[in-house]
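The exercises below are meant to be worked through with the sequence and the 3D view side by side. Try each task before reading its solution.

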Amino acid sequence: MEINFKGKRTLVTGASQGIGRDLVKKLDACGAKVIAVARNQALLESLQKEVPSIEIYPADLSDWKKTEQVISQIGDVDLLVNNAGLAILGPLTEVTEEDFDRVFAINIKSTINITKLVIKNLLARKVPGSIVNVSSQASVVGLIDHAVYCASKGAVDAFTRAAASEYGPHGIRVNNVNPTVILTDMGRLGWSDPAVAGPMIQKIPLRRQVNAGLSPERSREVSYTKTWKTAQTNSKLGLTSDDWWTQGVFYQIYPRSFKDSDNDGNGDLQGIIEKLDYLRESGIDAIWLSPIFKSPQVDNGYDISDYREVDELYGSREDLRQLVEAAHQRDLKVILDFVPNHTSDKHIWFEASVYGISPYHDYYVWANATYIEGVRTPPTNWLSNFRGSAWQWNELRQQYYLHQFSTAQPDLNYRNPLVVQEMKDVLSYWLNFGIDGFRIDAVPFLFEDELLRNEPPSGDSGLDPEDASTLSHLYTQNLNETYEMIYEWRQLLDDFTARNGTYSRIMMTEVYASPEQTRGYCGVEGSRAGAHFTFNFITFIENTQKGFDGKDLAESIAAWLIGIPSCSSNWVLGNHDQTRVATRLGPENVDALNILASILPGARITYQGEEIGQENGKSINDFLRHLCCWLPGEVTCEQGYDPQAIKDCSTYQQTSRDFERTPFQWSSGVQAGFNEGHTPWLPVSEKYVQTNLERQSDAKEIKTHYKIYTTMLRLKTLFADGAEESTTWGSTNDGKVFYLKRSTDVVNYGLLINLADTDETIITPAVFKESDLVVELSGADSPYDNGDVFDISQPLRPNEVVVFRITPLA
């Protein structure tokens, strides 16, 4: 695993020998600016000779006041390892008051004191941080002659949980590591005798103790736990799960609309690099880039002409390398959009296939024409998702080729093993480049019926006959071979991870299908692994409509959590193909939906702009466009780029996806801060003056969409991955109010949303009764502030949302 602490001021206590000394060397090698604190000045000086770049501070950490003075001299600290420890061994019956005081003064009192001082510094600077407390297996396993030591380490564990719960919402993570016996000088005092060590060694899976200076397991574990790679990890004992993606926060970037660094009107990779700190500070774990590969841009990059090159519109392959390196330095993972169903008709494979050049002659789906009364017609009735026949005649080849999207996007032939291998090679190329995973586009379309059978009518009435929805796609979508292809790609990713011994590289699949069809993409239980997750379009996109109530929400959540339990949970409010959630479901519901999508168990996917409540355009126009009436929006057909929409300007306002792709609104300055003034590729929304990140980040603004979003992401980290948990949800007040309770063995939170347009006095759900409720987060329209006691007997305002900590009454 790549671990980089470049520039991070890292304080290590107990640093002069044993585990602490090893940690200083490890952290320095990872780029940290290490501050070593210990009682023995001579040993510290010898350590500094070995590692000249470190700072050293001799101190007796059992002295509360002197410790405060030393920490004040040290100044800012980004990362802290509380490693100082003391063991005084002997039978319980021989413990003295002095022994007890000495052990607790170092092992727990100093840990609390230094943690307090570092957290105060982090809060004053308004920056995130990481604290690791080196505890011991002695906190959970009773050891002979270790009574006081065991008690002190148990206190460390309890303190860690409390501090994690209290300061996780501020972006400060507090974690434990609990090593077994390590033969430091202190460890040898208790464990040199084979008669004593033997029973303990039998409890260790590797049947061995670890010598000081030879303990990469512990130094690597502490280093890992200090990184932002553990953004989902707070108050955890020992190593965390490798399944980082299960509770991760993914941020979809539409590169052309994110940030234009060179003022040419198009967002680019350097623009993304400029904003990585913003993303990390917001609480994002991974960025997903919509296609950046070389492309004629007929379908905004979803028509790829070279899978191994970056389109010059966005920069170069070197720019992408810089982006990946810069992201990894910030512990952000990078996901690329992989478009396997089709290429551009300008791809060298297709150009060779047109001429029948081997081996490319069979890389695409070609078919002979049928002739009806001498008139050439396509081989089947299949329809394109961009309207009209899915077949296009090619004069040179004298055959039709299949295109389930634009005519400029010919479908690849996955029945050809050479094509299968080509695409696996593309995945391997980018994995070796350093990419952390892939979003797989248009998955259901990979395979088609070999017999080229006509599809039956869907039975949907009132549709244009050229609309693909008029057919039931029995022969062009979700074929068995498609599922098998996904399983093979998952195996490729797992094999790469196994060879490299690092975190999981993942696959996210885009599938609009029935629940039954969707399940298959998640794998076959007990035999085949599928996508790490397939996007949940069911809950907030397909099943939640304008005017929804609490009952609708509860049923939509159940449709995924209960209806598709085999698929990893994830929550998607929107994307580049969907009307923005603020427009689709109402700006008044932005805070509630952002909070709900984050508190639910599973991964969270944010489409750029959702964190600030960005809308498509003029709200009244978009509202009517969504419902029925199709008044003009801010983007005209002449300005548009969506290929399926600009074919017919008379229906552009109904069909275009350009509206949800307008530039991100960074500020109220020129072009919303997207660039320095050049006309953007799509016009900036008129609403940027009111809705922009700069305004919502202003310290004077207490409650904004962005601040509510980031606070909820910090709360999300408290639901530590791997802890036992339960989630209960439903509606009350005749469906007007939605409620949810999510609990683990560490935290216990509730949520209420009033979806009515009137005040509602809550009919209290049973899960909230006989409990103290303290507000942790509330929406912009709520009178509650963080820390207020939540009075559930008082009415909730219209659209009010409140998150509260639940403490059952004794």
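**Exercise 1. Confidence**

Over which residues does pLDDT stay under 50, and how many contacts beyond four places in sequence does the model have for them?

Solution. Begin with what is being read: this is a predicted model, in which local features need pLDDT of at least 70 and side-chain atom pairs count only at pLDDT 80 or more, while totals for chains, interfaces and linings use all residues. Residues are numbered from 1 along each chain as its sequence is written, and side-chain values use heavy atoms, with hydrogens and water left out. The score pLDDT is the predictor's confidence in each residue, from 0 to 100, and a contact means heavy atoms within 4.5 Å. With these terms, the stretch asked for is residues 196-241, where pLDDT stays under 50 and the model has 134 contacts beyond four places in sequence. Residues 619-632 also have a pLDDT below 50, and this stretch has 25 contacts beyond near neighbours in sequence. For the protein chain, the mean pLDDT is 88, and 89% of the residues reach 70 or more.

**Exercise 2. The chain in outline**

Describe the protein chain by its secondary structure, its burial and its contacts.

Solution. Next, turn to burial, for which buried means under 20% relative accessible area, exposed over 50% and partly exposed in between (1.4 Å probe, protein chains only). By that rule, buried residues make up 59% of the 810 residues. Last, take the contacts between residues at least 6 apart in sequence, of which 68% join residues at least 24 apart.

**Exercise 3. Aromatic pairs**

Find what links Tyr254 to Trp681 and Tyr278 to Trp666, and describe where each pair lies.

Solution. The rule is that rings of Phe, Tyr and Trp (its six-membered ring) pair if their centres lie within 6.5 Å, with planes under 30 degrees apart counted as stacked, over 60 as edge-to-face and the rest as tilted. A search of the whole structure finds 43 such aromatic pairs. In one of them, the ring centres of Tyr254 and Trp681 are 6.3 Å apart and the planes meet at 20°, so the pair is stacked. Because Tyr254 lies in the loop between β9 (249-253) and α9 (269-274), and Trp681 in the loop between α22 (652-655) and α23 (693-697), the pair ties together parts that are 427 residues apart in sequence. Tyr254 is buried at 3% relative accessibility, and Trp681 is buried at 6%.

Tyr278 and Trp666 form an edge-to-face pair, with 5.5 Å from centre to centre and 80° between the planes. This pair too links distant parts of the chain, 388 residues apart, with Tyr278 in helix α10 (residues 276-282) and Trp666 in the loop between α22 and α23. Tyr278 is buried, with a relative accessible area of 11%, as is Trp666, with 5%. Finally, Lys275 lies over the face of Trp666, at 4.3 Å from the ring centre; a charge sits over a ring if NZ of Lys or CZ of Arg is within 6 Å of the ring centre and within 35 degrees of the ring normal.

**Exercise 4. Backbone angles**

Solution. Most residues other than glycine have a negative phi, and most peptide bonds are trans. The bond from Ser358 to Pro359 is cis, with omega near 5°, and Pro359 is in the loop between α12 (348-354) and β14 (366-367). Lys126, with phi near 60°, lies in the loop between α4 (97-125) and β5 (129-134) and is exposed, with a relative accessible area of 72%. Gln297 has a positive phi of about 65°, but it is buried, with a relative accessible area of 15%.

Definitions and conventions. Helix = DSSP H or I, 4+ residues; strand = E, 2+ residues; numbered from the N terminus.
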